[in-house]
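Please read the points below with the model open beside you, and follow each one in the structure as you go.

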Amino acid sequence: MSTKTDKIDRLAELTASTETATGGSLWVEAWRRLKQSKMAIIGAVVIGAFVILAVIGPWVAPYDPTAQLWRGEVFTNRNIFVGPRAENWFGLDHLARDEFSRLLVGARQTLLVGIVATLLGFTIGALVGGSAGAALTLGGKLGQRYDTVVMRVIDMMLALPSLLLAVTIAAVMGQSLTTVMVAVGVVQIPIFARLLRGAMLAQGGKDYVVAAQALGVRKRRVALGHVLPNSLSPVIVQATLSLATAIIEAAALSYLGLGNPDAAEPEWGVMLAQAQKYFDAAPMLAVYPALGIIITALGFTLLGEAMREALDPKLRS
Amino acid sequence: MSLLELDDVKVHFPVKKGLVFDRTVGHVYAVDGVSLSVRAGQTYGLVGESGCGKTTLGRAILRLVDITEGAVVFDGTDLAKLPDEEMRRHRQRLQMVFQDPLGSLNPRQNIESILAEGMAAHGIGADAGERRARITQILARVGLPANALSRYPHEFSGGQRQRIGIARALVLEPDLVICDEPVSALDVSIQAQVLNLLEELQESMGLTYLVIAHDLAVVRHISDVIGVMYLGSLVEEAPSDLLYAEPRHPYTRALMSAVPVPDPAVEDARERILLTGDLPSPAAPPPGCRFHTRCPWKQETRCATERPALRELADGHRVACHWAEEIADGTITLTAREKAPAQLSG
Amino acid sequence: MPLLSVDELTITFAGRGQRDARAVDGVSFDVDQGQVVGLVGESGCGKSVTSLALMGLLPGRGVRLGGRAEFDGTDLLTLPAARMRDLRGTQLAMIFQDPLSSLNPVVPIGVQVTEILARHRGMRGEAARKEAAHLLDRVGIPDPTRRLKEYPHQLSGGMRQRALIAMAVACAPRLLIADEPTTALDVTIQAQILELLKELVDQEGTALLMITHDLGVVAGLCEQVNVLYAGKVVESAGRRALFDAPTHPYAHGLLGSIPRLDAPRGEALRPIRGSINDRIDWADGCAFAPRCDRYTMECLTGTPALTEPHTPGHQARCVNPVLPEGATSPQRTEATG
């Protein structure tokens, strides 16, 4: 008898050594892979730094960003500017305000515009696209008609050049920071709507959805409990990537003069817009905010790409 | 007593075209008039090649696709006429096992949630505890470890996933289980495990099966009665042993002669009936007998003009061929034999 | 001398961050001129990787090859890429499981065939077109001149596989490797394709290395059969010998677990338990031991050798083989090769 138990023990020991570790749910596994990705870590560090800057900016700024403290030293009409020096690390802007303080304080506005605009686009887009996708999944004539009508409207929005659409909205709503956020957000709506609906449509044809129906699960639950959660990954990735474009587009709108009418309030896009007038004499005034926008956008893009990879089930090891 | 009766079931998918408004420009005749009956406690095997409509028929019974015409009578109720909500509730008694074990499981659900979902939908089990007890019981029955509950589909092997699919269907204690290619996605050594499990469960739970498969050997192994489908309709139906001993329809004969048998002696000795050409499109099925374009016994009369009905022969076969008797007694011999290899000599 | 002689072939995939995976672990077999040899096994046994290695189609990075594969005296594993390309198509050809993805979807069939004729046989223009039509006709594609102008998606699965075979045999290769050529096809179409492959071997004397999981296909086609399990040949025998007396418990179990068309209804299947994941390292013992009913303590002490337990020429890698009834006590002769 002992040989038999020996035999089984030995086999168990040998099989155990080749057994692979088991993971958890798909979200848990995606998180684990995200933590291992260099791209994700760099992106997260950049974004983290940016967020911290946005939060603490006003407190650490050495000077009041709106005060023209060195009025006698800058003469724009004679191309006299003040570059970096001990008391003003990044020099003075065209109205003799401390550029460094303005950059620190402006981060908050820029982040706010990006996040609010993306959230707006994401929420409305996902609602529109999700409802169309769900209507299609539920089936029936009514669902199809709803989908057709809604998606044609979305297509029309998609057909307009995004900046033109934003300019139109800004023109209607008047010049303000809210206008910029709404305009940038509205431009994102069709992207999110199309993406979510497309993903839901693809998932709706999968076997597990048919299986849930065969099980007798109610259609509403099939659409919301099965199809929707499995369609979210591309939309989440898009949201991260959209943050980057939202910041850039908000900057573009500010640059075109559609942003906050109170030009004294620092914001990277506005700063970039104002600096271009003096680009010949003081190019660094444009380079600082531009670099800020580029690095932040890059951070979000890196994180978005890393998330795309982590959430892709085909790449699962 | 028959548990399930299909009467002239048709499933036609409209082919739509149009820029703004969809116009129906034609139909795909996926299932085109199938009548059969499945007796309680039996296994009915539905065999046919890809595109013959067997999967669509299986889904039509559960009303997962719309039935164009005909009746699906399950235990006295015509499912084709039920309102949606009643049909949904009926699905507790009619369950389905799918071909792709991974694709048919939601990757974001753990096993407990997968198995509990059907019970929740049908209000089975008073509380979570009772449901869990039932789930643990069914897991043991299909041969899965109890620690499977909190794990996810991708952590299992193909055979285990198919066991999960079977458990999901059986936890509702259905009367009829439609198995759509239950083993074709599995490795050979695993197929036998699943087939044995299905047979075992049938015996212990008193299940009725409708097994849909392309593999005649699998169907023959598991079924009491076999129906052979070709291009949307049944061409032959007979008890399993009888069908194997005396296939009556030319298509059944060709199919049977094409199935490889893992035995060189059998393989060397047998005569193959090679069919020429490919399956015609179900969107434009040939007139007359649907098989006449490939039939090696095709006759000048009737075959191309008159669609044969499924009729009962003296020996218990049901066959849809005008010339079944004449072919059986040898009055009609092969007409287009082995056309394909003849072209090779060039 | 055999046409192809594979000797102790190993294929290792470098694991990313994890340990390396050995897909093929010392596989040896021969293919003679005009012979049909089968490599049989289930998914993950290493059969497809073996064929890709022989064709030089494995990616260079992350893959380590060991052993030798001599084709007519040249080692395929160390052949420079340029010479391998010349060899492919002229001497060696391969057909794959999925005919649709093996064909270029945006180029007509005719162009794809004439391209091969131009590259390897120097044929151009009308002559190439004529030869292409002749090839299609030869593999049983009706109305070949019209088909030459068609795109892959216009052909049925069976026709596509025929077109691929036409391309493979365009230069009369001496060895044809077929990797699950009929798995994606319906059974009546499978019968047509198998018949075609048999014809080619009989008429042209092409050697055929048939890679499949289907023992039924093997029974009708292959002269010599190698059964693979977890990257090693566990049994190698002539066709009749293997099916008459499957000797390795895996081959024996496999045959017992297949439903046979000619078996009476209700004959029980004897499945192999567990799955391919239940395995141990060959270095520790027999990889099949965890699924085996016959394993002993001896099975867990290192790789079992390939021996001839009952009949000369019938090799099995097992210390406790299934012996045919009436066989003499196992004469453990160490197998050569």
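1. In what order do the eight strands of the open sheet in chain B stand? The order is β6-β7-β8-β3-β9-β10-β12-β11, and the pairing in this sheet is mixed. Strands and helices here are DSSP runs (E, at least two residues, for strands; H or I, at least four, for helices), numbered from the N terminus, and two strands pair if DSSP finds at least two bridges between them. At the edges stand β6 (94–97) and β11 (311–312) of chain B, each with a single partner strand, so one side of each is left without a neighbour in the sheet.

2. Before going further, please note that this is a predicted model, in which local features need pLDDT of at least 70 and side-chain atom pairs count only at pLDDT 80 or more, while totals for chains, interfaces and linings use all residues. Residues are numbered from 1 along each chain as its sequence is written, and chains are lettered from A and ligands numbered from 1 in the order in which they are written.

3. Residues are in contact if their C-beta atoms, placed from the backbone, lie within 7 Å.

4. Is helix α9(B) largely enclosed or largely open? Seven of its nine residues are buried, so α9(B) is largely enclosed by the rest of the structure. A residue is buried if 20 or more other C-beta atoms lie within 10 Å of its own, exposed if 12 or fewer, and partly exposed in between. Among the buried residues of α9(B) are B:Tyr251, B:Leu255 and B:Met256. The partners against which the buried residues pack include β9, β10 and α11 (324–328) of chain B, together with α8 of chain C.

5. Chain B also has an open sheet of four strands in the order β2-β1-β4-β5, with antiparallel pairing, and its edge strands, β2 and β5 (77–78), each pair on one side only. Strand β1 (residues 2–17) is joined to β2 (residues 23–39) by 13 bridges, and B:Pro14 stands opposite B:His27 in β2(B), while the bridge partner of B:Val15 is B:Gly26. Five bridges link β1(B) with β4 (residues 69–74) of chain B, where B:Leu6 has B:Val72 as its bridge partner. Helix α1 (residues 54–61) of chain B packs on this sheet, touching β1, β2 and β4, and its direction makes about 75° with that of β2(B).

6. The contact between chains C and B takes 44 residues from chain C and 43 residues from chain B. The largest share of the chain C side, eight residues, comes from α8(C), and that side divides into 18 nonpolar, 14 polar and 12 charged residues. In this classification Ala, Val, Leu, Ile, Met, Phe, Trp, Tyr, Cys and Pro count as nonpolar, Asp, Glu, Lys and Arg as charged, and the others, Gly among them, as polar.

7. The contact between chains A and B takes 19 residues from chain A and 25 residues from chain B. On the side of chain A, α8(A) gives the largest share, seven residues, and by class this side has nine nonpolar, seven polar and three charged residues.

8. The largest nonpolar core has 290 residues, and A:Val184, B:Ala167, B:Ile178, C:Ala163 and C:Ala166 touch the most other members. Such a core is a set of buried Ala, Val, Leu, Ile, Met, Phe, Trp, Tyr and Cys residues joined through C-beta atoms within 7 Å.

9. Chain A averages 82, and chain B averages 90. Over residues 337–346 of chain B the pLDDT is below 50. Where pLDDT is low, the predicted coordinates should not be read in detail.

Conventions
Contact = placed C-beta atoms within 7 Å. Axes fitted to C-alpha atoms, helices over the stretch in contact; angles between N-to-C directions. pLDDT = per-residue confidence, 0-100.
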